[in-house]
2 protein chains.
Amino acid sequence: METLKKHRCFDGQLGFYKHDSEVNNAPMTFAVYMPPQAKKKRVPVLFYLSGLTCTEENFMAKAGAQQYAAKHGIALVSMDTSPRDLGLPGEEDSYDFGAGAGFYVNATEQPWARYYQMYDYVVDELPALIFEHFRIDKDRVSIFGHSMGGHGALVIALRNPGKYRSVSAFSPIVAPMHNDWGTKAFSGYLGDNKETWKQYDTCELVKETNSNIPLFVDQGMKDEFLTDYLQPERLEAVCQEQNHPLTLRKHNGYDHSYYFISTFMEDHIDYHADLLLA
Amino acid sequence: METLKKHRCFDGQLGFYKHDSEVNNAPMTFAVYMPPQAKKKRVPVLFYLSGLTCTEENFMAKAGAQQYAAKHGIALVSMDTSPRDLGLPGEEDSYDFGAGAGFYVNATEQPWARYYQMYDYVVDELPALIFEHFRIDKDRVSIFGHSMGGHGALVIALRNPGKYRSVSAFSPIVAPMHNDWGTKAFSGYLGDNKETWKQYDTCELVKETNSNIPLFVDQGMKDEFLTDYLQPERLEAVCQEQNHPLTLRKHNGYDHSYYFISTFMEDHIDYHADLLLA
């Protein structure tokens, strides 16, 4: 694990790192914010999954989360949204497939299958690395994300009952099987059998899961992707039908940007802190 | 004045704009955050001047200032650090001269003199435009900045007694006549007569000014530019010698980045709010 840079921030330490991922067969980058409380004891950790095109840096630079993590004594981890610079055909051709668009799936279609194992990376490999190198309480882990990363966080929490204390999302893609982002990604990474897609679709998982983990979701109502890509009404409907606990807040006038995310970041960190520190 | 984009943020409105600057003979871009209180009344305004390479966006995206501006009911204004894309010789050759490096001076050397009038732009033209188009109380104006922008804020406040209620700076270049950034910029924009440089050098101005405005400065002690470019000891010495009010806080472990700025942003906005709202 190589340290790329370090910054003091809100009396804690923010580091950017690079390592050779085994599951992805490629170098991966990630960032860890350790709050000041970690100088003296193990702290809980909150993983953040970013949206399309992002690296681990967008969240750390723009979301304004460190101040709240420092207040509660919670570590933050963000990671790149895919391996990069592999020279794969089409890797850089579009913002919504290939580099920067791993969609948090384990790809089964070549050439992606060899390198794009982002589900296993986020669920297993990266946490193990974090637990090894940082003063983290591995029994206190939560997850959240934005857009493609909101999709990732909800899918991962629903598929791993008991692993995460809490989950939340900003503007998540809750039904990727039903929009162009999702169908492009899933057909490219997973092939044409839609049965295999269901394990990465939040609305489908709510029907199947044994987890009863509450879903906390914030959505801007002026989000430019609301109708065609985010479709929160699908999540509302399936959670009501399945009696799955959902808090969906709709915020008038807010869009898809980090200006929206930063506005409600304190609410999300407070929400996770309540459950992580209980 | 053209609106480039708008985002709701902390219940206020953040806009990015473009206009044809008369003093700069070129298009300029800037950003304005109007807090929720401005829906009902005129609000004070705090101008922020950015450092080398920055546009108006860095501050709005990374500094985390909007939450505190929203709490106090203060507007925020940031602007690009120079005109851009003029096709001038050498305009893009270095990060510390030309585009992104206007240094908040009125250039007297050609070809810069025709386009780089950033002092007049920040002191006069931009405020007049802001007062015309936004619900601002023009009697309640303060200014702050970072690095090259900290230099700009201190210089502008010292040279305009009574115009600003308060001034503060993160990691300012307090003695540009005595380091490579400043001498490169000043010789290029202002020519070789060092007497004319003094009007843009905070430490020189503290000797000459009629203003007694207190200077509030935060400096990270792990700042990579501390010794060679920022030299806060020069400001300490001259303020002590001249009995000019200075609060200089030295923060161990902090560097030159927005992770440092965001950490102490609340203190700065609180400081300005006390004086703007008095």
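This is a predicted model: local features need pLDDT of at least 70, side-chain atom pairs count only at pLDDT 80 or more; totals for chains, interfaces and linings use all residues.
In the UniProt record, which is an unreviewed entry, the annotation "active site" is attached to Ser147(A), Asp223(A) and His256(A). These residues are spread over 110 residues of sequence, yet they cluster in space, with a largest C-alpha distance of 10.8 Å. Ser147(A) is placed in the loop between strand S6 (136-146) and helix H4 (148-159) of chain A, while His256(A) is placed in the loop between strand S9 (246-251) and helix H10 (258-276) of that chain.

The relative accessible area of Ser147(A) is 3%, and this residue therefore counts as buried, the cut-off being under 20%. His256(A), with a relative accessible area of 9%, is buried as well. When residues up to four places away in sequence are not counted, Ser147(A) touches Gly51(A), Phe170(A), Ser171(A), Pro172(A), Ile173(A), Trp181(A) and His256(A). With its neighbours within four places in sequence left aside, His256(A) is in contact with Ser147(A) and Asp223(A), and its other contacts include His146(A), Ser171(A), Glu224(A), Phe225(A) and Leu230(A).

Turning to the interface, 24 residues of chain B are in contact with 24 residues of chain A. The area buried between the two chains is about 1800 Å², and carbon and sulfur atoms give 51% of this area. On the side of chain B, the residues that lose the most area to chain A are Arg8(B), Phe10(B) and Tyr259(B), which together account for 38% of what that side buries.

Between chain B and chain A, 12 residue pairs are in polar contact, whereas zero salt bridges are found across this interface. Strand S1 (2-9), strand S2 (12-21), helix H1 (56-62), helix H2 (66-72) and helix H10 (258-276) of chain B each supply at least two residues of the side that touches chain A. By residue class, that side of chain B divides into 10 nonpolar, eight polar and six charged residues.

Within chain B, Gln231(B) lies in the loop between helix H8 (226-230) and helix H9 (232-242). Its relative accessibility is 7%, so that Gln231(B) counts as buried by the cut-off of under 20%. The side chain of Gln231(B) reaches the backbone oxygen of His178(B) at 3.4 Å. Apart from residues up to four places away in sequence, Gln231(B) touches His178(B) together with Val174(B), Ala175(B), Asn179(B) and Leu226(B).

Methods. Residues are numbered from 1 along each chain as its sequence is written. Chains are lettered from A and ligands numbered from 1 in the order in which they are written. Side-chain values use heavy atoms; hydrogens and water are left out. UniProt positions are given in the numbering used here, feature names are shortened, and annotations may be inferred rather than shown by experiment. Helices (H or I, at least four residues) and strands (E, at least two) are DSSP runs, numbered from the N terminus. Buried means under 20% relative accessible area, exposed over 50%, partly exposed in between (1.4 Å probe, protein chains only). Contact means heavy atoms within 4.5 Å. Buried area is the accessible area (1.4 Å probe) that two parts lose on being put together, summed over both. A salt bridge is a side-chain nitrogen of Lys or Arg within 4 Å of a carboxyl oxygen of Asp or Glu. A polar contact is a pair of N or O atoms within 3.5 Å; within protein, one must be able to donate a hydrogen and the other to accept it, and residues adjacent in sequence count only if both atoms are side-chain atoms. Ala, Val, Leu, Ile, Met, Phe, Trp, Tyr, Cys and Pro count as nonpolar, Asp, Glu, Lys and Arg as charged, and the others, Gly among them, as polar.
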